[in-house]
Amino acid sequence: MKNADFLTGITTSGTPHLGNYVGAIRPAVETSRDKQLNSYYFLADYHSLIKNHDPKLRQQSALEIAAAWIALGLDYENCVFYRQSDIPEIPELTWILTCLTAKGLMNRAHAYKAAVADNEQEQDNDPDKGITMGLFSYPILMAADILMFNAKKVPVGKDQVQHLEMTRDIAARFNHMYQNLFVLPEVVVDETSAVLSGLDGRKMSKSYHNYIPLFDTEKNLRKLIMKIQTNSLGPEEPKDPDTCTLFSIYQAFATPKQTKEMAARYRQGISWGTMKNELFEYINEILKEPRKRYDELIKAPSDIDAILKKGAAKAREFSVPFLEQIRKAIGISSLG
Ligand code: TRP
């Protein structure tokens, strides 16, 4: 097994939504099919322990995310698709890296700093209130995910860029301290892949509760699209496509030509009712077939388990011998 050309993780703490599709799933599905590339995709279930303390939800989310990726066309035979928790070498490497990571580096992590800043607003003024060591050391686990497979490129959202910088820092430190074993991974932030707006116009996100699930029923998809906020312009009045949530969602799915035509119809005046209907029809058409596959997959979790186990076995063809090398480099190997 070769090291990863592309690697990315998806935290299992929610239901996959339209924003995940255009931002992460769609580009990954494309890469997964490329026969020249060795790409790794995994369910980051250990990462989900940081925020989510509900075992059922974690399990359900892993099932839904795996089913969604497969239903949308991930080529799991060509790529390596697995669960983080099926790779015991990752937590082992995490500890090794923890022991060479500067605490000061972790102090600077955005997520940790934001949590401290929130606490400092509070009355009792305990800056570490509610902050676990998991949250604090989260970037080291992420570094281990990446370095375990010596990934060259890591596609992530903008909020993860700092974690990649930290990963490079940690890798360089290991290489310097012990042996030059790690590739310094490059971050890939796809500027072209859309950031989708949600029901209220803010970025579509689980934390804002403004998302449209990918595989809800057709009826609910329609209902949610009808709920997207618009302004109070009358049916015939010209409208601005660039500030419209409906338009931005349409654009994320449609071809450039269709998008241009729709923009022209905005300027001529299209009623919100018509636009919402067309948007629903358009997205529903795209999701119809995947939705069928998804519903079948959800009913057959053991099939998904089997796919993930096979993926883990493939991944471990790399991680087991590589960890052996790492252990040797740090002086933890046979005494003979
Ligand atoms: N932290 C990432 C996120 O929240 C998920 C993730 C975990 C990840 N491990 C990773 C992404 C390794 C890329 C590589 O989005």
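Are F215 and Y294 buried or exposed? F215 is buried, and Y294 is buried too, where buried means under 20% relative accessible area, exposed over 50% and partly exposed in between, with a 1.4 Å probe and protein chains only.

Before we go on, a word on the model: residues are numbered from 1 along each chain as its sequence is written, and side-chain values use heavy atoms, leaving out hydrogens and water. The model is predicted, so local features need pLDDT of at least 70 and side-chain atom pairs count only at pLDDT 80 or more, while totals for chains, interfaces and linings use all residues.

Now to the rings. The whole structure holds 16 aromatic pairs; rings of Phe, Tyr and Trp (its six-membered ring) pair if their centres lie within 6.5 Å, and planes under 30 degrees apart count as stacked, over 60 as edge-to-face and the rest as tilted. Helices (H or I, at least four residues) and strands (E, at least two) are DSSP runs, numbered from the N terminus. Elsewhere, ring pairs join Y40, F42, Y82, F149, F174, Y178, F182, F318 and F322 into a cluster.

Let us return to the loop between β5 (186-188) and α9 (218-227), where S197 is found. S197 counts as buried because its relative accessibility is 16%. Leaving aside residues up to four places away in sequence, S197 touches R202, K203, M204, T245, S248 and I249, with contact meaning heavy atoms within 4.5 Å.
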